[in-house]
Amino acid sequence: MSLIIDCHGHYTTAPPALGEWRDRQIAGIKDPAAMPKVSDLKISDDDLSESIVNNQLRLMKERGNDMTLFSPRASFMAHHIGDFNVSSTWAAICNELCFRVSKLFPDHFVPVAMLPQSPGVDPKTCIPEMVKCIEEYGAVGINLNPDPSGGHWKEPPLTDKWWYPIYEKMVEYDVPAMIHVSTSCNACFHTTGAHYLNADTTAFMQCVQGDLFKDFPTLRFLIPHGGGAVPYHWGRFRGLAQEMKKPLLDTHVMNNIFFDTCVYHQPGIDLLNTVIPVKNVLFASEMIGAVRGIDPGTGHYYDDTKRYIDACERLSAEDRHAIFEGNTRRVFPRLDARLKARGS
């Protein structure tokens with residue numbers, strides 16, 4: 001029987017004190033006298049427990065999900081706000097909270113680290129926080145924002161050597177990165193309905209255009225939300241790669257890029273598992289995230305994605321095991337080591 005591992009969870013239900021502290025920090029950018037101290041934030045273990053037990057953990061138990069890879073709320077990352085010092089302080093606070101949740105519920109939550117990115121700032125400034133989260137907090141992966149400018153895409157493509165310090169450290173620690181943007185500050189792009197999906201598609205195409213995985217053959221990217229437009233336009237990407245004289249996608253990128261199942265209807269999941277090889281698909285729901293309502297056509301929550309995998313007729317029992325557990329343990333070897341250590 002498979003463990004049901006959700007590779008894409010965010011702390012969207014953090015106690016209100018976190019958002020209140022963040023508001024004060026943002027106000028302090030213009031008025032340094034108003035900048036709060038980290039010590040001003042008071043969140044007890046009881047506060048954390050209440051926010052999880054009544055939300056993520058309750059739904060996990062109802063839906064049959066065993067474990068969630070848990071990172072700070074994506075829209076809260078907001079790397080475009082303030083400077084590196086602001087992002088660094090904010091990332092440290094958010095990462096510590098996810099770590100504390102993982103200590104309170106070690107059988108159900110495993111931390112994934114947010115990086116303290118800031119527009120135009122050398123990515124190597126993120127490395128101390130990344131290393132701390134892996135070595136001290138037990139983080140099994142990172143979230144990497146390809147657009148810290150918040151919808152203006154001012155950074156080089158992911159294949160540019162500008163990003164290499166992060167990749168070198170990822171390879172050293174054998175951790176993958178979920179390629180995940182944050183809030184859009186560009187009114188043209190709705191954050192979760194456009195900016196997120198645009199970024200998923202853009203990240204994949206950047207990798208197709210480049211030769212990143214020749215330099216980093218063991219580097220692994222997880223592209224969320226089912227890959228944005230990628231599965232639907234698979235023929236387009238194959239054809240473009242061919243015109244650019246790139247190798248076939250199977251060898252050019254598909255040993256290094258993986259997709260999650262945050263696709264909120266049955267036809268979308270069926271398409272994902274028709275186009276993308278099973279070995280490249282990881283179970284995820286991003287529950288209590290962008291889409292929280294109930295589908296009037298089914299009577300079930302849109303983000304109850306396990307239901308869609310169970311109902312996907314083209315998947316065998318072996319396929320479902322791979323999607324629910326096997327692929328995630330392979331892509332996140334530090335998670336696999338943790339589970340083996342506890343006898344799973």
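**Phe221 and the cores**

I looked up the contacts of Phe221 (contact meaning heavy atoms within 4.5 Å). Leaving aside neighbours within four places in sequence, Phe221 touches Tyr167, Met170, Ala177, Ile179, Cys207, Leu212, Phe213, Asn256, Ile257 and Phe258. I note that this is a predicted model, in which local features need pLDDT of at least 70 and side-chain atom pairs count only at pLDDT 80 or more, while totals for chains, interfaces and linings use all residues. Residues are numbered from 1 along each chain as its sequence is written, and side-chain values use heavy atoms, with hydrogens and water left out.

I then checked the nonpolar cores, a core being a set of buried Ala, Val, Leu, Ile, Met, Phe, Trp, Tyr and Cys residues joined through side-chain atoms within 4.5 Å. The largest has 58 residues, and Tyr167, Met170, Phe204 and Phe221 have the most contacts inside it. A second, separate core of 29 residues includes Tyr11, Leu57, Leu59 and Val181.

**Aromatic pairs**

I searched the whole structure and got 16 aromatic pairs. Rings of Phe, Tyr and Trp (its six-membered ring) pair if their centres lie within 6.5 Å; planes under 30 degrees apart count as stacked, over 60 as edge-to-face and the rest as tilted. Phe213 and Phe221 make an edge-to-face pair, at 5.9 Å centre to centre and 70° between the planes. For accessibility I used relative accessible area: buried is under 20%, exposed over 50%, partly exposed in between (1.4 Å probe, protein chains only). Phe213 is buried at 8%, and Phe221 is buried at 1%.

I placed Asp200 in helix H8 (residues 191-209); helices (H or I, at least four residues) and strands (E, at least two) are DSSP runs, numbered from the N terminus. Beyond four places in sequence, Asp200 is in contact with Ile179, Ile223, Pro224, His225, Gly227 and Gly228.

I also looked at Lys30, in helix H1 (residues 16-30). Lys30 is exposed, at 81% relative accessibility. I took its C-alpha separation from Val275, 245 residues apart along the chain, and got 49 Å.

**Salt bridges**

I counted 15 salt bridges, each a side-chain nitrogen of Lys or Arg within 4 Å of a carboxyl oxygen of Asp or Glu. Arg342 and Asp107 form one of them, at 3.3 Å, N to O. Arg342 lies in the segment after helix H15 (333-341) and Asp107 in the loop between helix H5 (84-104) and strand S3 (109-111), so this pair ties together parts 235 residues apart in sequence. Arg342 is partly exposed at 37%, and Asp107 is partly exposed at 46%.

Asp304 bridges to Arg307, with the closest N and O atoms 3.3 Å apart. Asp304 is buried at 8%, whereas Arg307 is partly exposed at 36%. Asp336 bridges to Arg329, with the closest N and O atoms 2.7 Å apart. Are these two buried or exposed? Asp336 is buried, and so is Arg329. I traced Asp336 and Arg329 into a network of salt bridges with Glu325 and Lys340.
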